[in-house]
Every structure is written in C-alpha cells, then in structure tokens.
Amino acid sequence: HECNTLYLSRWKRWKGLWMDATYLDKRGRVKQERITAENIQALFKKYQVPKVFDLLSIDIDGNDYWVWKAIVDYHPRVVVIEYNSTVAPTESKTIPYDSNWMWDGSTNYFGASLLALKQLGERKGYTLVGCDASGTNAFFVKQELVRGRFLVREVSSLYRPPSAFDGQGHPRDPGRKMIEV
C-alpha cells in the first residue's frame, strides 16, 4: 500500500526486489524476509541482485545504518534511506545494532541521524544530494555520478525537520540513548 518506490513500480513499471519482514503480498512481488546486517548480502545473492544496480531503498525503521554499512559487495548508483529527523543535523547518532530490533512506532528511538548517514555514505563513495520535504528520506548518489550534475551542499541546508506530530516528530524516548558513530 505504501513505500517510497511504489510510484516507480506502479506507474513507471520499474522492476526490482522488494523485501519486508511482516508484509504478506498475495501476488508474491514482496518477498517476506527479515533483513539484518548479517543476512543482507546473502539475500541479495538469493534473489540474484546484480552487483551494480540503479536504486537501493532502505527503510526498515531501525537498523538502516547498520544494514547499509554491511552492504559491501553490491553497488547501487542511488541510495534512498530513511533518516531520523528528530536528531539534529549536527549530531552523528544511530541506535546500537540489535539484529532482533523491531520499532513499535511509539517513540523517536529508531534509525540514524542525517549526519551519521552522510558520513557513512562518504566512506562508501556516495554524496548526499537531498532530502524529501517530510524529513523522512535522504538521497545519496555515487560520487562519480555527482560531478557537474548536483549542487553539493552542507548537511544543515539539506536537512528537513520531521513533519509528523505537528513538526515535532515522534515523541522522545526517555529510557534509551542513541550512540555516536
């Protein structure tokens, strides 16, 4: 019903691999897989993902940073990844890795800050080129494809605050702390 690549698949007829831990797709287009840092590369191999491909979208509400970090043998040209916009763009934070983590949707304890993802992206050869208006997704492009095509700007100018809960984002989690990366 909803995903950041639905438009591409439905209206532009893009083909690809969609995986989700809980969604049951009666048509079989979405593979029911629990994605972890330990299994992401094996899942790509299982579903015959080419080593170089166009678009990777990571939106798993928690271990997004750690899963992207674990992808070393596959090289998408563009990465769309959910970021936690309740964390200031000056902070490089993520939740500690836990392969069993499942976000319950009640607090802002999930994912990683935009700065953490920008720094990881740079180490992997990507440039942050933008964020969507809702403060949900960040867009990264392979560095060799950026030159002359995108205006590269600072994180603070690309960051978008959360739009949920009247612009405040999910309520703060008083008990759990994110870690510096």
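Is Arg176 buried, exposed or partly exposed? At 34% relative accessibility, Arg176 counts as partly exposed; here buried means under 20% relative accessible area, exposed means over 50%, and partly exposed lies in between (1.4 Å probe, protein chains only). The model behind this answer is predicted, so local features need pLDDT of at least 70 and side-chain atom pairs count only at pLDDT 80 or more, while totals for chains, interfaces and linings use all residues. Residues are numbered from 1 along each chain as its sequence is written, and side-chain values use heavy atoms, with hydrogens and water left out.

Now for the overall picture. The protein has 7 helices and 8 strands, where helices (H or I, at least four residues) and strands (E, at least two) are DSSP runs numbered from the N terminus. Its radius of gyration is 16 Å, close to the 16 Å that the globule rule gives for 181 residues, so the protein is as compact as a globular protein of that length. That radius is taken over C-alpha atoms, and the globule rule is 2.2 Å times the number of residues to the power 0.38. Taken along the principal axes, the C-alpha atoms fill a box of roughly 40 × 40 × 30 Å. Of the 181 residues, 43% are buried. The accessible surface comes to about 10600 Å², and 52% of it belongs to carbon and sulfur atoms; such areas come from the Shrake-Rupley method with a 1.4 Å probe, and for residues only the protein chains shown count as cover. As for contacts (heavy atoms within 4.5 Å), take those between residues at least 6 apart in sequence: 63% of them join residues at least 24 apart.

Next comes a sheet. Strands of a sheet pair through backbone hydrogen bonds, either parallel or antiparallel. In this work, two strands pair if DSSP finds at least two bridges between them. An open sheet of 4 strands has the order β3-β4-β7-β6, with mixed pairing. Strands β3 (52–58) and β6 stand at the edges with a single partner strand each, so one side of each has no neighbour in the sheet. On average, neighbouring strands of this sheet are turned by 20 degrees against each other, direction ignored.

Strand β7 (residues 137–142) is mostly covered, with 5 of its 6 residues buried. β4 and β7 run antiparallel and are joined by 5 bridges. Glu82 has Asn137 of β7 as its bridge partner, and Val78 is partnered by Val141, also in β7. β6 and β7 form a hairpin with 5 residues between them, and Gly135 in the turn has a positive phi of about 70 degrees.

What about the helix that packs on the sheet? Helix α4 touches β4, β6 and β7, and its direction makes about 145 degrees with that of β6. Axes are lines fitted to C-alpha atoms, for helices over the stretch in contact, and angles run from 0 to 180 degrees between N-to-C directions. Helix α4 (residues 114–124) is mostly covered, as 8 of its 11 residues are buried. Among the buried ones are Leu114, Leu117 and Leu120, but also Lys118 and Lys124. The buried residues of α4 pack against α3 (64–70), β4, β5, β6, β7 and α6 (155–158). After α4 comes Gly125, whose phi is positive, near 95 degrees.

Then there is Asn84, in the loop between β4 (75–82) and β5 (93–94). Asn84 is buried, with a relative accessible area of 0%. Leaving aside neighbours within four places in sequence, Asn84 is in contact with Asn108, Phe110, Ala112, Ser113 and Met178.

Last come the charged pairs. Side chains of opposite charge can pair when their charged atoms come close. The structure holds 6 salt bridges, each a side-chain nitrogen of Lys or Arg within 4 Å of a carboxyl oxygen of Asp or Glu. Arg176 from the opening question meets Asp173 in one of them (2.6 Å, N to O), and Asp173 is buried at 14% relative accessible area. Another joins Glu33 and Lys46 (2.7 Å, N to O). This pair links distant parts of the chain, 13 residues apart: Glu33 sits in the loop between β2 (30–32) and α2 (40–46), and Lys46 in helix α2. Glu33 is buried, with a relative accessible area of 14%, whereas Lys46 is exposed, at 52%.
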